[in-house]
Amino acid sequence: MNDIDYRQRLVDNKNLLDDEIKTYIKGESLIEEAMLYALEAGKRIRASLFLETRRLSRNQIDKNDLLFALAIEMIQAYSLVHDDLPAMDDDDYRRGKESLHKHFGEDLGILTGDALLNEATKLMFEIASRDSSFIKASQYLLSKTGKDGMIEGQILDLRRRRNYNKDFIIEVYDKKTADFFKGAIVAGALVNGFDQDTINSLERYAYYLGLGFQIQDDLLEKDYGDEINILSLMDLQASKKLLEDINYQCKKEIENFENNQFFLFLIEFLSKRQY
């Protein structure tokens with residue numbers, strides 16, 4: 001398969017998730033309408049990371065896999081809804097449309113984020129009750145998106161000191177972005193029953209993939225103002241060199257895996273994207 005084929009794989013995964021969202025959430029109440037609004041668009045990268053990790057040990061994914069991937073997308077959507085709130089980043093637009101709190105009101109913004117996280121957790125319990133291999137996967141995912149992972153990263157970002165260094169930025173990006181990547185990939189590895197050495201390699205891959213994703217975000221930012229950004233510490237050339245070094249380490253973690261082509265493709269795809 002070439003890069004075009006793997007781009008299509010991302011599209012196919014996205015379409016599967018979009019269909020699952022419409023089946024699971026009917027939009028028959030105001031809160032469900034807001035949840036659907038929050039789940040619109042997006043590349044479904046984290047869900048794809050889970051699904052593709054599952055495909056490392058099996059050719060076909062099943063209903064439980066799709067529902068778990070949906071739970072991942074609900075967590076991602078909740079984090080973005082809350083991230084846009086006036087008390088956080090205070091963003092009026094997300095993905096080319098009004099952020100949820102601007103469209104539905106700040107009260108619904110808070111409650112929709114709460115509902116998405118609650119529903120994701122409920123869904124993971126339901127899956128694990130049918131298939132116990134999802135118990136540790138759910139626990140790991142929630143730990144990486146919770147107070148010691150993604151939420152801690154958000155706190156570090158919001159309460160950062162005025163003068164910060166590269167180590168601090170890497171710590172923030174590890175917690176705020178890479179930990180969710182770890183959660184999605186390692187969850188798939190745990191369901192697969194992979195040994196600890198394999199899981200450790202995938203976790204390190206996810207770490208570097210998340211850092212690269214966030215550094216590229218920084219490079220695409222035209223006006224970051226007082227927001228945290230690697231370009232506030234080093235020039236464009238040095239920042240691009242840092243990204244190259246991160247990608248090199250990322251590739252090393254996955255290079256000895258069979259059927260690793262999608263994961264290698266994703267490194268380049270995410271670090272060269274223009275949006």
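This is a predicted model: local features need pLDDT of at least 70, side-chain atom pairs count only at pLDDT 80 or more; totals for chains, interfaces and linings use all residues.
**Entry 1: Asp179**

I started with Asp179, which is buried at a relative accessible area of 2%. (My cut-offs: buried is under 20% relative accessible area, exposed is over 50%, and partly exposed is in between, with a 1.4 Å probe and protein chains only.) Asp179 sits in helix α9. I take helices as DSSP runs of H or I with at least four residues, strands as runs of E with at least two, all numbered from the N terminus. Skipping neighbours within four places in sequence, I found Asp179 in contact with Lys144, Asp148, Gly149, Met150 and Asp174; contact here means heavy atoms within 4.5 Å.

**Entry 2: what I'm looking at**

Residues are numbered from 1 along each chain as its sequence is written, and side-chain values use heavy atoms, with hydrogens and water left out.

I checked the confidence next; pLDDT is the predictor's own figure for each residue, from 0 to 100. The chain averages 93, and 99% of its residues reach 70 or more. Where is confidence lowest in the chain? I found that in strand β1 (residues 93–94), at a mean of 86, while helix α7 (residues 134–145) has the highest, at 98.

**Entry 3: Lys147**

Is Lys147 buried or exposed? It is exposed, with a relative accessible area of 62%. I located Lys147 in the loop between α7 and α8 (150–158). Lys147 and Lys175 are 28 residues apart in sequence, yet their C-alpha atoms are 9.9 Å apart in space.

Gln76 belongs to helix α4 (residues 63–83). Gln76 is buried, at 9% relative accessible area. Not counting residues up to four places away in sequence, I see Gln76 touching Arg46, Arg95 and Phe180.

Then I looked at the helix pair. Two packed helices are described by the angle and the distance between their axes. My axes are lines fitted to C-alpha atoms, for helices over the stretch in contact, with angles from 0 to 180 degrees between N-to-C directions. Those of α4 and α9 come within 11 Å and cross at roughly 175°. The two helices are therefore roughly antiparallel. (Under 35 degrees is roughly parallel, over 145 roughly antiparallel, 65 to 115 roughly perpendicular, and the rest oblique.) From α4, Phe68, Ile72, Ile75 and Gln76 meet Phe180, Ala184 and Ala187 of α9. I sorted that contact into six nonpolar, one polar and no charged residues. (Ala, Val, Leu, Ile, Met, Phe, Trp, Tyr, Cys and Pro count as nonpolar; Asp, Glu, Lys and Arg as charged; the others, Gly among them, as polar.)

**Entry 4: α9 against α10**

The axes of α9 (residues 166–192) and α10 (residues 196–220) come within 7 Å and cross at roughly 140°. That makes α9 oblique to α10. I counted 17 nonpolar, three polar and four charged residues in this contact.

**Entry 5: α3 against α12**

For α3 (residues 45–54) and α12 (residues 261–272), the axes come within 11 Å and cross at roughly 165°. This pair is therefore roughly antiparallel too. On the α3 side I noted Ile45, Leu49, Glu52 and Thr53, and on the α12 side Phe262, Phe263, Leu266, Phe269 and Leu270. Seven of these contact residues are nonpolar, one is polar and one is charged.
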